[in-house]
Amino acid sequence: MKFFIDTANLEHIKEAESLGILDGVTTNPTLMAKEGIKGQNNILKHYVTICEMVNGPVSAEVISTDFDGMVAEGNNLAALHPNIVVKVPMIKDGIKAIKYFTDNGIKTNCTLVFSAAQAILAAKAGATMVSPFIGRIDDGNWDGVQLIEQIVHIYGIYGFPTEVLAASIRSSLHIVKCAEAGADIATCPLSSILGLFKHPLTDIGLEQFLADYKKVNG
Ligand code: G3P
């Protein structure tokens, strides 16, 4: 399973990248706003900065909701850097735009996916990745991981090459559950990635090893 970081925070990206296990980055307008990145020029520059930090796909989201607008924005984003993946919302014009980008060799991430039905449409349009928002599904008292299993199963039957990118990850357990469910990618906040390291027996065991070494070696 590939690990993406779901942030526009450069420090978080740097820390995840330094671990040597980072495969890509996803952003969205909310994450960009959270970092105080405003104005089209600054937003585009920020994407380029991220692309130069990570050797892998960087999802940059369009904000238009009509086909022509999405195509113009997506072409512009894709021209910024070869790592850019154009993130497109799961709406009718979004699916048409994904088909256009697919036909023109531009990679896409179909976002705001909450059902297997929507995931089928994304795959039919040739999306490179599909982003089911599992945390937000859990928030509504449904099972987000079950949706990942369902999409992985359906894509497997038909051999759809669209990668299942589990998004809206809220915990390290979510990452493990998505791995079990066969997600191709999990995009996570830094805290959930760092949480994977944690086990009290590792800490206790390491402390013991170091103490025993010190006893003998001083
Ligand atoms: O990038 C999309 C997704 O990961 C958003 O997550 O936590 O806002 O539901 P969240």
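How exposed or buried is cysteine 178? With a relative accessibility of 0%, cysteine 178 counts as buried, where buried means under 20% relative accessible area, exposed means over 50%, and partly exposed lies in between, using a 1.4 Å probe and protein chains only. This is a predicted model, in which local features need pLDDT of at least 70 and side-chain atom pairs count only at pLDDT 80 or more, while totals for chains, interfaces and linings use all residues. Residues are numbered from 1 along each chain as its sequence is written, and side-chain values use heavy atoms, with hydrogens and water left out.

**The chain as a whole**

- The chain has 11 helices and eight strands, and these elements are DSSP runs numbered from the N terminus, with helices (H or I) of at least four residues and strands (E) of at least two.
- Along its principal axes, the C-alpha trace of the chain spans about 70 × 40 × 30 Å.
- Of the 218 residues in the chain, 46% are buried.

**Strands S2 and S3**

- Strand S2 (residues 24–26) and S3 run parallel and are joined by two bridges, and strands are said to pair if DSSP finds at least two bridges between them.
- The bridge partner of valine 25 in S3 is valine 58.

**Strand S4 and its link to S3**

- S3 pairs with strand S4 (residues 84–89) in the parallel sense, over four bridges.
- To pass from S3 to S4, the chain crosses through helix H4 (residues 67–78) in a right-handed β-α-β crossover, a term that applies if, with the strands pointing away from the viewer, the path from the first strand over the helix to the second runs clockwise.
- Within this pairing, valine 58 stands opposite isoleucine 84 in S4, and serine 59 has valine 85 in S4 as its bridge partner.
- Six of the six residues of S4 are buried, so S4 is largely enclosed by the rest of the structure.
- Both faces of S4 are covered, with Ile84, Val86 and Val88 buried on one side and Val85, Lys87 and Pro89 buried on the other.

- S4 is joined by four bridges to strand S5 (residues 108–113), and the two strands run parallel.
- Helix H5 (residues 92–103) carries the chain from S4 to S5, and this β-α-β crossover is right-handed.
- Valine 86 stands opposite threonine 108 in S5, and proline 89 stands opposite threonine 111 in S5.
- S5 is mostly covered, with five of its six residues buried.
- Three bridges join S5 to strand S6 (residues 129–132), and these strands also run parallel.
- Cysteine 110 has valine 130 in S6 as its bridge partner.
- A right-handed β-α-β unit is made by S5, helix H6 (residues 116–124) and S6.

**Cysteines**

- A search of the whole structure finds zero disulfides, a disulfide being a pair of cysteine sulfur atoms within 2.5 Å.
- The cysteine sulfur closest to that of cysteine 178 belongs to cysteine 188 and is 8.1 Å away, which is too far for a bond.
- Cysteine 188 is likewise in no disulfide, and cysteine 188 is buried, with a relative accessible area of 0%.

**The largest pocket**

- The largest pocket holds about 390 Å³ of space, where grid points are joined across faces, edges and corners, and a volume is the space filled by probe spheres set on the points.
- On a 1 Å grid over the protein atoms alone, a pocket is an open set of points where a 1.4 Å probe fits, with protein on both sides within 12 Å along at least five of seven lines, and its lining residues have an atom within 4 Å of a point.
- The lining of the largest pocket has 23 residues, of which Asp6, Asn28, Leu31, Lys34 and Pro189 lie nearest its centre.
- Helix H2 (29–34) and helix H10 (190–195) are the elements that give two or more residues to this lining, and H2 gives the most, with three residues.
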